[in-house]
Amino acid sequence: MTDRIFPRNLTAKAAIKIVGNPVTTRLESGVGNCFPGLEFDHRNLDRRFFPGLVFNFGVIPPILADVDPVDPGLSAASPEDAAQLSQAVNDAMADLRLGGWTLSSIAQGGRTVDLTNAPNMGDPAQFWRLVRDLRPEKVTIVLTKTPPDPPVAPTPPAPPAPAPVTKTLTHYRRRYIDSDTGVIPDVFRPGELTQSLCSPWMHDFRDCACDYWASNHPDIVLGESSFPLGDNLADLDPQAATRPLDWLRADRKSRVAASPLARANEALQLRHYQINTEWRSLAFVLEGHEIGAVYAPGVEQMAAPFASAEELADELTSLCGLEHVVMLEYLYAYYSLRQPAEVTPAHADDLTFVRHELLAVAVSEMRHLRWANQLLWTMAKNGMIAPRPPALTPGLEVPTAGGVRPRALRPLEPDVLADFVAVERPSGTLDGEYARVVATLSRDYPDTMLQLARQIVAEGVEHFARFSEIARLLGSWSVASGAPRPWLRPLKLATKQQASAALDAYQAVLAHLQRAYQFGDIEDAAEIVQGRMAMMRLDEEAEKLAKAGLGTPFFLRRPEEDTRPFIGLPTA
Amino acid sequence: MAETGAGWFHLLPGAAPSVFLTGGSMLFDVDEDFFDELARDEPEAISKLAALRVEPLDAGDALAPVTALSLNVAQSCNLACAYCYADEGRFGGSPKMMDRSVAFAAVDRLLAQAKGRATVGFIGGEPFLNRKLIHEVVAYAKAAAAAKRVAVGFSVTTNGTLVTADDLRLLREDSFAVTVSIDGGPAQNRKRLDRRQADSSARTIAALAPLLSQPGGARIAARATIARDDLDVVDRIEWLAARGFTEIGVSPVRTGPRGALRLSESDWPKLLVQMIRAADAELARVFAGASPRFSNLWTALRAIHRGTSRPLPCGAASTYLSVDVDGAFSSCHRTVGDEGSRMGSVIEGFDADRRRDFLTARAVDRQVPCCACWARYLCGGGCHAEVAESGRSGCDYIRGWLEHCLRAYRDVATRRPELIARGVP
């Protein structure tokens, strides 16, 4: 299907299945999933809609459940009046800690809703929906102190009721997702978003799995990295590191791969009565791996931070080079692949998948190059480092399993693929390079910078999984020894002259990126649009060359020239 | 069983061959061999494509609430445009102004059944001939909407020649959607004459210049009418853009008192050429980083992107009605005064039965030749008022335009995806 018909607009995309995870696995797909039993309970986001305060929407009217003086939302420096508004919230906290307070009115954009006297508000969920509808803009709330219970035997005559005690506070409704990184802010503590879901000792917990319903527990995981099978697990069971296991398996020692069929897995899972009592045996999962008795801190925590911002920037500049050079290596490998229509029908689906995944990793490296540059321009803008030109020079060496190797443009032969897997192996080389960056950014740098660096590391783990899957798929093709790999085009490196159209396009991409990155996150539509067009031209030209048996010589300059930064090239 | 019936898909040959599925308005790229198989009606290919078919949703009998009402506050005009469908604003009657009690009652009717959002529009004639009422209705509608917890928005269609500084303030502060009737510069604006037979474009621009340079909350669009004696599109857009309009749409004359100005069968192919020229110029601009401005193109591209699939051409009689100076509701502003399109009045309320009958009779699947046309759910069957007056013409023009937009969509979705995903003009 997919090799012949490609969906273009939204309704077409909705009608067709494509390679990759289904949209239901994405965070944004959970918007409607607001009730217990789903992957997380969105209502918990709104409990903290107002910086510094935590509400409970389970009663009418909603009550103030807690105050949070360390809420990072209260230390936001923008918009301009945020600090002043935070001060007022902080000042009110001493009073708000005493006695009970209810949320009695909400106002935004000229509209005020009186919660004590609103019609059709018999259901607590209505109050939550009201808060859910607030825009992430300024909102004013009124809190009313609930009077103490009247004495059991009232002494007549009762004095006139005193005027209710209220507090009026204004702040910006919290943004639940960081606009740069898509990360949920730190203010939500571990477990807070899932606290209202079913619990591990309940029958529901077992049955809510991804084949049936969005789930709040892992379905398929990777095993512990040091499973006590033998001294050297990797030798005895080479696939162990990447074999998917069913997290709910009753035999906790089993290393049998999870089946793609839910029914097959179900037979081997903890039964309902078992989960009531044996839920404690289920493993915690961190970074996709089951964790045994003691969690050993990984590279991130142990890495030494850099002493200065300039040192950090030097490292980031060199990491940009690394992202850039592996991206070019992956692209070269990508163009070495045949089109699905050029192989036997039995292999066409595999190749569609392999091409998709390899390109996805290359695109992800492009994104990392952008993010690493963003870290640099953010530091320069905040005056932490002297301004420096955008880092757009590909590196000269790539760290891999056996130390560093010189950069190389190679077709996707099995040994090259094994090398890619090694480069992307978690805590191997690439993400290890980021460990010190993350360790440094954890100290007094803007949170969004840390999140960006973490996201690069997280995607690196994904790259490893993707390359491993590519290796598994291509490894299953039977190839006579010495015969050429059927997925590869015969490719030799083109001369610069043969590849001049492709190289012109690549230079244009760099020149546009250089101008766009120079000014940081200013919306420079013209540069980005033209860069995007040049990139499409590059794709077209590189594919044309590859069809003619020529690989694009992506390294524009000799290694000794690439020790100097890339400086603006004229565009065509 | 392969189906080969006409009208459920449409092939778009070219460098990137693609196929459009009518139901669900789905667009697919296909490889060349598959395209050829479809063109030859090969059963295997047809059934493969048929697996992707979706049936259009049946709208059912339920009437959606009216969310927009246009008030003909002045059935009179200071201009005398040669092609005017409204008889210089009088709709065949004598010049009249709407009374405040009629306007307020109409707003009450709208808000009484609105859910969440409602739009009050001002139309005519030239609405600013009744300036005082516009200001009063805005204040009244805002207060009434606030009491009913409805968000109310405003729109106006005007020739712009009469607006004052006070009016401009209203348009900015109350975030009006302002549609300005202007056909271009002096060269193109020859039908838009005032009572002294003088060109009105200079007066329109002079009065609106402060709003164009500082729109505040207002969103301003130019709407140019194209008569058969000057089918140019590109030059109009250029001239209007140079005067500060950032959203410009064009619309051909299909009805009206003077046959010499209405487009006839031989004109449609020429207009299509002009529209395609304008679209290609627009695409070249945005691919170089510029902002969109030719709204006919962007409306079509966004509809294609979303896969808009609708049984009717517009919201007339469904979510939109118009009210005349005397308080009678009509299916839209084009049918004011037409007894057959009357949908109740401010006294009786919206006439649900007449609205339902009107819509049922006009569903595109019931129209001939629409029911066999591949473009029917993107087009909706054409303006009801125009079809009633002069029948359907220029269908090849509509299809040609949509074909061009379907091809352009592929490029735009790749090069400037943000322009069709967002709700910008």
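Chain B holds 14 helices and 14 strands. Helices (H or I, at least four residues) and strands (E, at least two) are DSSP runs, numbered from the N terminus. This is a predicted model, in which local features need pLDDT of at least 70, side-chain atom pairs count only at pLDDT 80 or more, and totals for chains, interfaces and linings use all residues. Residues are numbered from 1 along each chain as its sequence is written, chains are lettered from A and ligands numbered from 1 in the order in which they are written, and side-chain values use heavy atoms, with hydrogens and water left out.

**Exercise 1. Size the interface between chain A and chain B.**

Step 1. Count residues in contact (heavy atoms within 4.5 Å). Chain A brings 22 residues and chain B brings 29.

Step 2. Take the buried area: the accessible area (1.4 Å probe) that two parts lose on being put together, summed over both. The two chains bury about 2,300 Å², with 56% of it on carbon and sulfur atoms.

Step 3. A:Arg4, A:Ile5 and A:Arg8 supply 31% of the area that chain A buries against chain B, more than any other three residues.

**Exercise 2. Describe the polar links between chain A and chain B.**

Step 1. Look for salt bridges (a side-chain nitrogen of Lys or Arg within 4 Å of a carboxyl oxygen of Asp or Glu). Two salt bridges link chain A and chain B. One of them joins the side chains of A:Arg532 and B:Glu418, at 3.7 Å from N to O.

Step 2. Assign elements. On chain A, β1 (5–7), α1 (10–14) and α16 (525–547) each supply at least two residues of the side that touches chain B. α16(A) gives the most, with seven residues.

**Exercise 3. Which strand of chain B pairs with β1(A)?**

Step 1. Apply the rule: two strands pair if DSSP finds at least two bridges between them.

Step 2. β1(A) pairs with β3 (residues 26–30) of chain B, antiparallel, over three bridges. Within β3(B), B:Asp29 is the bridge partner of A:Phe6.

Note on methods. Polar contact = N/O pair within 3.5 Å; in protein donor to acceptor, adjacent residues only side chain to side chain.
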